[in-house]
Amino acid sequence: MTESDVMRRLTAAVMAALLGGCSGQPMNDVCADKAPGDLIVTEIMIDPASTDSGNEWFELYNPGNEQVDLKGLTLFKKEASGTTKTHLIKAGAIPAKSYFAVGDVRSGPNPLWIGYSYGDDLSSLATTGGTVGIRCGASLVLDEATWTVPAKSGRSRMLGGPLAPDATANDNEANWCDTPTASSYSMGNAGTPGTANPTCAPEGSATTCLAAGQSRPVVTPAVGDLTITEVMPDPSAVNDDVGEWFEVYASRAVDLNGLVVGTASTTTSTLSSADCLAVPAGGYAVLAHNADAGVNGGLPSVLGLFTNALSNSGTVLRLLLRDGGVIDEATFPAATAATSQQLNAGLLASTDNDVAANFCRATATYGAGDKG
C-alpha cells in the first residue's frame with residue numbers, strides 16, 4: 001500500500017468515526033476502509049451497435065496495490081434530468097492494478113468481457129449525456145464519470161491511455177475519446193472491456209481523415225472520377241447480407257469517405273471511417289457488407305462497408321455526395337446466382353455503366369467459389 005493509499009484510508013476512517021459519533025450508529029464495515037479514488041471509471045459503452053439493452057457496460061480500474069472487494073458497493077447512473085438509478089453489488093472483486101467491466105446482461109451467462117452484471121437496474125444509458133459511477137453507502141463516491149458529447153454507435157467512450165488511470169483526470173471530458181475502431185471485442189463493437197485502453201488518436205471528420213495516423217483533408221471525388229465496374233447482388237457461397245459487394249474504379253486519386261451508397265429503394269448508407277478510404281489513380285476498390293474474408297465468401301481486401309441491399313432484379317446503383325449530388329450511377333442487369341455482373345473489358349468511363357447491355361457475367365472464380 002502506498003503512502004497516498006494510507007492517507008486516503010486514514011482520512012476515510014476519521015470521517016467514519018466523526019459521522020458515527022454524531023449519529024450514534026456504527027459506520028458500515030464495507031465503507032470503513034474505502035476512500036475516493038479507490039476505483040476509477042475508465043470506459044463506458046454507451047451506444048452498442050446492436051440492441052442497447054443487455055449490451056451496455058462500463059469499466060472500473062483498481063489503482064491500488066490490494067484487491068478491492070465489490071460486495072456491498074453501489075453502482076449508480078445519473079441522467080441529465082437528475083434521475084438516479086442504483087444497483088447494490090452482490091459479489092465480485094477487482095485485483096490490484098486491474099480492469100473490470102460491469103454490464104447490463106439481462107439473461108444467460110455473462111460474455112467473457114463482463115465481470116459482473118447489474119441486470120436492468122440502471123436501465124439504458126443516454127447517448128447524449130449522463131453519469132455512471134460507484135459509491136459506498138449513500139454518499140461516499142469512490143468515482144464517477146460524466147459525458148456530454150454524444151456517443152458514437154458501436155464505439156465505447158474511453159479514458160485515453162497509456163498513462164495510468166487517474167480519478168481526477170477522468171473528470172475532464174477532454175481526456176476521453178471514442179475507442180479506435182480497430183479495438184473490436186464483439187461483432188460491430190469497438191472497446192477494451194477488462195483491459196487497458198489505447199491512446200486517444202486524432203479523429204477523422206466529415207472533411208478530414210487519417211492517413212498513416214496523420215490527419216489530412218478528404219479528397220472528395222467529382223463527377224467522372226469514379227466508375228462502378230462490377231456488382232455482386234446474389235452470392236451463393238454465403239448469404240446476401242454478408243456476401244454482397246460492388247467494385248469501383250478511380251480515374252484519379254480520391255477518398256470515398258462520406259460518399260453515400262444509394263439503390264433504387266429509398267435506403268442509403270454512408271461510407272464511414274476515421275481512416276482515409278483512399279483509391280489511387282487507376283486503382284480499384286471493393287465495397288462490401290462484411291470485411292472478413294472468412295465470412296464474406298473470400299473477397300480480397302475490402303476498402304469500405306455499406307448496408308443497403310442490392311436488388312437481384314436488375315436496377316440502379318449510385319454513389320452520391322452527402323448533399324445528394326450523383327458521382328456515378330450504374331444500371332446493371334438482373335442477377336445470375338453466384339455470378340457478378342461486370343463491365344465489358346475496356347469500358348471504364350463513368351458513362352459506360354449507364355447501359356445494362358454493357359455488363360456481362362463474370363467467369364473467374366474467387367474465394368469460396370462464386371464468380372467475379
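**Figure 1. Secondary structure and overall dimensions of the predicted model.** The protein contains 3 helices and 28 strands, where helices (H or I, at least four residues) and strands (E, at least two) are DSSP runs numbered from the N terminus. Its radius of gyration is 26 Å, well over the 21 Å that the globule rule gives for 372 residues, so the protein is more spread out than a compact globule. This radius is taken over C-alpha atoms, and the globule rule is 2.2 Å times the number of residues to the power 0.38. Along the principal axes, the C-alpha atoms fill a box of roughly 90 × 40 × 35 Å. This is a predicted model, in which local features need pLDDT of at least 70 and side-chain atom pairs count only at pLDDT 80 or more, while totals for chains, interfaces and linings use all residues. Residues are numbered from 1 along each chain as its sequence is written, and side-chain values use heavy atoms, with hydrogens and water left out.

**Figure 2. Confidence along the chain.** The mean pLDDT of the protein is 89, and 91% of its residues reach 70 or more; pLDDT is the predictor's confidence in each residue, from 0 to 100. Over residues 1–7 the pLDDT is below 50, and this stretch has 7 contacts in the model beyond near neighbours in sequence. Residues 10–27 also have pLDDT below 50, with 5 contacts beyond near neighbours in sequence. A contact means heavy atoms within 4.5 Å.

**Figure 3. The loop between β26 and β27.** Alanine 338 lies in the loop between β26 and β27, and threonine 339 is placed in this loop, which runs between β26 (326–331) and β27 (341–343). Alanine 338 has a positive phi of about 65 degrees although it is not a glycine. Most residues other than glycine have a negative phi. Alanine 338 is buried, with a relative accessible area of 17%, and threonine 339 is buried at 9%. The classes are buried for under 20% relative accessible area, exposed for over 50%, and partly exposed in between (1.4 Å probe, protein chains only). Not counting residues up to four places away in sequence, threonine 339 touches Met232, Asp234, Arg361, Ala362 and Lys371.

**Figure 4. Alanine 212 in the loop between β15 and β16**. Alanine 212 has a positive phi of about 55 degrees although it is not a glycine. With a relative accessible area of 85%, alanine 212 is exposed.

**Figure 5. Proline 95 and its contacts.** Proline 95 is found in the loop between β6 (93–94) and β7 (98–103). A relative accessibility of 39% places proline 95 in the partly exposed class. Its contacts, leaving aside neighbours within four places in sequence, are with Asn62 and Gln67. From C-alpha to C-alpha, proline 95 and glutamine 67 are 4.2 Å apart in space, although 28 residues separate them in sequence.

**Figure 6. Glycine 72 and its surroundings.** The loop between β3 (68–69) and β4 (74–79) holds glycine 72, which counts as partly exposed at 23% relative accessibility. Leaving aside neighbours within four places in sequence, glycine 72 is in contact with Val30, Leu88 and Ile89. The C-alpha atoms of glycine 72 and glycine 137 are separated by 8.2 Å, the two residues being 65 apart along the chain.
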